Amino acid sequence: MTGSESPVVVVLSESMEPGFARGDILFLHMSEDPIRAGEIVVFNVDGRDIPIVHRVIKVHERKDTGEVYVLTKGDNNEEDDRALYARGQHWLQRRHIMGRAVGYYFLIFTIFFELLGFCLMLDG
């Protein structure tokens, strides 16, 4: 129905603040519409298990093949995401993108993350 392999994801870091905070829940949709700069996408990186929520900052389309490549960046990060991509990879392809953020619910897991951090401090 959503066109996404995972229709819901939880934001796990502060990289998208102030727009999204750690613990916010994003609802995803993936259509055949072209991906555009400015959209919030959730993507997988080859060799990593945890999806990343960041904004598309550049889109490049190869004229000869029509294949689309995107570059992403967290709103709260200084640099683009090339350092997060697989070794030697400079762009994401459509197959890396799980979905586009189309809505969100905030704060539901914030208490959980705060308690988890507190428990880890007590344990360590």
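The largest nonpolar core of this predicted model has twelve residues, namely Met30, Ile35, Val41, Phe43, Val45, Ile52, Val56, Val70, Leu71, Tyr85, Leu92 and Ile97. Two or more residues of this core come from each of the elements β3 (40-43), β4 (52-61) and β5 (68-73). Another core, of ten residues, lies apart from it and includes Val9, Met16, Leu26 and Ile40.

**The chain as a whole**
- The chain holds seven strands and one helix, and in order from the N terminus its elements run β-β-β-β-β-β-β-α.
- Of the 124 residues in the chain, 34% are buried, while the chain exposes about 8000 Å², of which 56% is supplied by carbon and sulfur atoms.
- Among contacts in the chain with a separation of 6 or more, 55% are between residues 24 or more positions apart.

**Strand β5 and its partners**
- Five of the six residues of β5 are buried, and the strand is thus described as mostly covered.
- β5 pairs with β4 in the antiparallel sense over six bridges, and within this pairing Val56 has Thr72 of β5 as its bridge partner.
- Six residues lie between the strands in the hairpin of β4 and β5, where Gly66 takes a positive phi near 80°.
- β5 also pairs in the antiparallel sense with strand β6 (residues 92-93), over two bridges, and here Val70 stands opposite Leu92 of β6; both Val70 and Leu92 belong to the largest nonpolar core.

- Val45, a member of the largest nonpolar core, touches Ile52, Leu84, Tyr85 and Ala86 when residues up to four places away in sequence are not counted.

Definitions and conventions: Residues are numbered from 1 along each chain as its sequence is written. This is a predicted model: local features need pLDDT of at least 70, side-chain atom pairs count only at pLDDT 80 or more; totals for chains, interfaces and linings use all residues. Side-chain values use heavy atoms; hydrogens and water are left out. Helices (H or I, at least four residues) and strands (E, at least two) are DSSP runs, numbered from the N terminus. Buried means under 20% relative accessible area, exposed over 50%, partly exposed in between (1.4 Å probe, protein chains only). Contact means heavy atoms within 4.5 Å. Accessible areas come from the Shrake-Rupley method with a 1.4 Å probe; for residues, only the protein chains shown count as cover. A nonpolar core is a set of buried Ala, Val, Leu, Ile, Met, Phe, Trp, Tyr and Cys residues joined through side-chain atoms within 4.5 Å. Two strands pair if DSSP finds at least two bridges between them.
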